[in-house]
Protein chains: 2
Amino acid sequence: MSDFITKRSEDINQWYTDLVLKGELADYSDVRGCMVIKPYGYALWENMRDVLDKMIKDTGHVNAYFPLFVPKSLFEAEEKNAEGFAKECAVVTHYRLKNDPDNKGKLIVDPEAKLEEELVVRPTSEAVIWNTYRNWIQSYRDLPLLINQWANVVRWEMRTKLFLRTAEFLWQEGHTAHATKNEAIAETEKMLDVYADFVENWLAIPLYKGKKTESERFAGADETLCIEALLQDGKALQAGTSHFLGQNFAKAFDVKFQTESGSEEYVWATSWGVSTRLIGALIMTHSDDHGLMIPPKVAPFHVVFVPFLQSKNPEQNAILLNKCEEIQAKLKEKGIRSKIDRDDTKRPGFKFAEHELKGIPVRVVIGPRDLENQVVEIARRDTLTKEIVSQDQMEIYIEKLLEDIQSNMFERAKTYRDENTTRVSDWDTFKKQIEKGGFVIANWDGSAETEEKIKEETKATIRCIPFDIPQVEGKCIYSNKDCNHTVLFARAH
Amino acid sequence: MSDFITKRSEDINQWYTDLVLKGELADYSDVRGCMVIKPYGYALWENMRDVLDKMIKDTGHVNAYFPLFVPKSLFEAEEKNAEGFAKECAVVTHYRLKNDPDNKGKLIVDPEAKLEEELVVRPTSEAVIWNTYRNWIQSYRDLPLLINQWANVVRWEMRTKLFLRTAEFLWQEGHTAHATKNEAIAETEKMLDVYADFVENWLAIPLYKGKKTESERFAGADETLCIEALLQDGKALQAGTSHFLGQNFAKAFDVKFQTESGSEEYVWATSWGVSTRLIGALIMTHSDDHGLMIPPKVAPFHVVFVPFLQSKNPEQNAILLNKCEEIQAKLKEKGIRSKIDRDDTKRPGFKFAEHELKGIPVRVVIGPRDLENQVVEIARRDTLTKEIVSQDQMEIYIEKLLEDIQSNMFERAKTYRDENTTRVSDWDTFKKQIEKGGFVIANWDGSAETEEKIKEETKATIRCIPFDIPQVEGKCIYSNKDCNHTVLFARAH
């Protein structure tokens with residue numbers, strides 16, 4: 001099975017694609033830039049979504065649903081936002097097809113069904129939502145408004161990559177409205193922390209939290225906070241963003257409220273989102289040359305049972321399957337999701353490789369002799385090690401093992417990330433280090449010009465001004481000017 | 001509160017709109033034909049979705065996600081399906097906007113970013129899914145393929161109505177592939193039963209199950225099964241459909257499989273879906289002049305607490321709120337969702353009306369004297385009756401009450417439906433009965449011509465050939481020919 005997977009050392013991009021396709025997470029489609037999320041990948045997404053949805057609700061937000069289409073006049077209302085997304089918009093111009101008079105059985109766009117105003121397929125929903133908020137907000141009593149939406153969005157990307165960059169993707173987008181600037185800033189920070197909690201503690205991906213430089217901000221935001229991960233290809237990935245939007249959208253859509261003291265003010269806004277891109281981050285953080293490695297907390301299956309079935313021995317098979325089902329029921333009581341491999345045509349070695357490819361955290365193997373001895377063989381996906389465990393201690397053993405695997409995956413990823421985060425103070429080392437991959441910590445003079453030049457010369461961008469790394473006095477890595485902006489550089493996806 | 005709601009007897013359509021808007025389920029948007037599902041409406045949808053999703057999974061299906069866009073050449077491949085939906089398709093023709101040179105700050109569609117092939121925004125996903133299934137199905141071992149998708153779809157409707165008919169709506173669509181015709185037919189029937197179970201036992205809406213006549217079938221189906229409800233405006237509503245697609249899509253998309261005996265055959269298909277339209281059905285089945293009435297099994301909140309708060313008496317308020325929270329915790333243990341009305345500025349009467357408008361099944365009122373007597377007043381939304389209940393019996397009382405309300409709502413709706421289902425055998429009575437509203441059972445000669453003429457003259461359509469009403473010999477209501485098709489007529493939404 002793993003023979004079919006390209007090794008990381010040979011071609012890490014092909015390795016990634018092999019994992020997605022052969023691990024059955026997603027498939028290409030005949031629709032440019034759009035992918036199909038296959039059942040196994042979607043089950044993973046559902047687990048992720050359910051966890052994050054609960055976190056979003058537990059912090060006081062409610063879900064709602066807004067239209068897919070944004071009329072052009074609304075889309076262009078917040079100019080910076082519009083400018084930022086205009087180049088990647090799918091645009092609906094007609095609302096009907098008709099039979100092609102020259103080509104029987106074929107259809108053409110009906111020129112008589114041209115829309116008076118074009119509709120943009122939402123690349124993000126600030127415009128359509130703030131246009132609605134105008135009607136929902138009159139007084140301070142209507143605030144804060146804390147709404148989240150799970151939806152599909154479309155950004156016309158020229159170079160796409162399964163999960164990491166697709167024209168259509170699934171995401172959640174929070175859009176909140178507040179009476180004061182401070183409250184909106186606190187919300188922006190709170191949601192960044194929610195994302196960091198989710199990504200580190202559930203997806204086992206270590207992060208740097210920080211804020212974006214002005215040139216890397218979301219179009220229309222006054223401040224963009226972000227979480228940045230380091231993938232196994234040495235590139236950084238922006239895993240989630242939380243934006244403080246100031247009063248920009250309130251002004252563009254004329255959303256005012258009456259304060260407690262009776263004056264009228266513009267509303268303060270935030271927005272924040274994470275997407276199916278996180279699945280790409282998860283794959284490229286954890287997997288190895290054997291295949292995927294899914295963190296237990298979000299894995300579609302925690303455990304796969306592989307009984308030693310033999311097509312010639314149906315009676316023994318029944319006993320083995322019975323035992324698996326018995327253990328399965330006990331695991332289910334503990335909330336442990338498992339499946340039984342009932343195929344009696346394939347060799348065990350082939351099956352092991354298949355389940356390793358799928359990244360199932362724990363494999364339980366049981367043969368006729370194990371029945372006699374009342375034991376099973378338990379293998380863990382992260383270390384590929386095995387142990388013989390007594391059947392009567394299994395549930396507790398597996399419960400503990402899943403926790404171990406979860407924390408081991410995080411620690412391993414964190415070690416990799418830390419080993420590939422280097423502090424440098426001269427330009428030559430900087431260039432070499434960027435070429436090697438990983439995060440580079442360096443001082444920057446704070447100018448967009450320097451930032452742009454560094455990008456031109458090295459393809460590295462400032463991923464963020466990190467919160468957890470002290471800002472120290474020093475010389476700018478490029479301009480040599482004295483400065484105290486200590487920032488995180490990397491080439492990014 | 002209910003003063004603001006138009007009475008059913010005055011204008012039932014306005015009543016419906018009032019309920020949706022003032023009950024805060026949904027709002028109009030500035031996007032033609034598209035609505036905003038507000039948090040309260042979306043919470044209802046989430047409950048409905050979660051229940052149905054579990055039912056779909058429990059019957060062996062898995063979820064996946066397919067692209068929003070359908071390239072025109074795929075869309076037109078199954079000709080009947082294409083013809084059926086061509087007139088209501090939103091079409092993406094361009095992938096970029098640019099600055100309007102004549103109008104600073106405005107955008108125009110960039111003519112240089114015209115797509116080579118137009119993309120249809122999915123009105124339904126058979127085309128894009130069957131184009132994918134071709135790559136997934138080679139052998140009988142790959143079958144059955146049992147996949148469901150939760151998604152948004154767009155059908156360009158000219159006359160829209162909140163929830164009941166909108167250009168964009170949310171739904172699930174199942175798409176299955178089978179080795180044999182019989183298996184596909186069994187699947188079509190099974191999913192109709194799942195829908196009927198869900199709609200009758202969770203949404204408390206009584207149904208007729210049946211099959212559509214040829215002219216009312218889904219475009220591209222060999223057979224369409226359906227569930228039909230009767231709303232309070234006397235019109236029928238198609239609440240869900242399950243299609244046997246024969247080999248039509250397999251042939252259009254060349255999806256063949258190798259059978260166990262080694263021959264090659266086209267795959268057999270089904271598809272089935274229900275949508276946010278069910279929320280419209282729920283509203284117009286159960287509500288009254290006081291407002292919404294949400295069936296307990298899917299209600300966002302089962303219970304609302306209204307303590308008698310007085311802004312001048314914060315100490316007493318704290319005691320009352322404490323008691324509510326204490327009971328709330330006990331209800332939560334039983335899975336009963338509740339909220340506490342903490343507003344100390346509004347009169348109780350105003351609050352009662354507000355919660356009745358929202359359709360919350362149970363109201364618990366508690367005042368200072370109730371604290372002394374260790375009782376509460378419990379009001380039920382369906383009958384608007386009240387009872388004094390001892391605090392120590394509350395959880396059991398409410399648990400039982402919610403079951404009562406659920407079954408009472410179903411029984412009441414069923415009585416209405418049955419009282420408005422009339423069997424007729426002459427044309428004059430038929431016309432009068434159709435004018436009055438409700439279902440009319442009558443014989444039909446089986447011809448599309450007669451069906452069309454009845455529709456022209458009365459606006460009534462054949463909702464279905466019902467499964468639960470015996471097919472009897474008799475004369476066609478219109479043509480007077482002898483026949484044995486006993487069918488269900490109604491004007492429909």
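## Exercises on a two-chain predicted model

In strand 5 of chain B, Val92(B) is the bridge partner of Val92(A). Helices (H or I, at least four residues) and strands (E, at least two) are DSSP runs, numbered from the N terminus. This is a predicted model: local features need pLDDT of at least 70, side-chain atom pairs count only at pLDDT 80 or more, and totals for chains, interfaces and linings use all residues. Residues are numbered from 1 along each chain as its sequence is written, while chains are lettered from A and ligands numbered from 1 in the order in which they are written.

**Exercise 1.** Describe the contact between chain B and chain A.

*Solution.* 
- Start with the strands. Strand 5 (residues 91-94) of chain A pairs with strand 5 of chain B, antiparallel, over 3 bridges. Two strands pair if DSSP finds at least two bridges between them.
- Next, count residues. Chain B puts 52 residues in contact with 52 residues of chain A. Contact requires C-beta atoms, placed from the backbone, within 7 Å.
- Locate the largest share on the chain B side. Strand 5 (residues 91-94) of chain B supplies it, with 4 residues.
- Sort that side by class. It has 31 nonpolar, 8 polar and 13 charged residues. Ala, Val, Leu, Ile, Met, Phe, Trp, Tyr, Cys and Pro count as nonpolar, Asp, Glu, Lys and Arg as charged, and the others, Gly among them, as polar.

**Exercise 2.** Work out which strands stand at the edges of the open sheet of 5 strands in chain B.

*Solution.* 
- Read the order: 18-17-19-20-21, with mixed pairing.
- Go to the ends. Strand 18 (338-340) and strand 21 (386-390) of chain B each have a single partner strand, so one side of each lacks a neighbour in the sheet.
- Look inside the sheet. Strand 17 (residues 303-307) and strand 19 (residues 362-366) of chain B run parallel, joined by 5 bridges. Val306(B) has Val365(B) as its bridge partner in strand 19 of chain B.
- Helix 10 (residues 348-358) of chain B lies across strand 17 and strand 19 of chain B, at about 175 degrees to strand 17 of chain B. Axes are lines fitted to C-alpha atoms, for helices over the stretch in contact; angles run from 0 to 180 degrees between N-to-C directions.
- Helix 12 (residues 394-419) of chain B runs at about 5 degrees to strand 20 of chain B.

**Exercise 3.** Find the residue with a positive phi just after helix 2 of chain B.

*Solution.* 
- Helix 2 of chain B covers residues 39-58.
- Just after this helix, Gly60(B) takes a positive phi of about 95 degrees.

Note on methods: Two residues are in contact if their C-beta atoms, placed from the backbone, lie within 7 Å. The expected span of a helix is 1.5 Å times one less than its number of residues.
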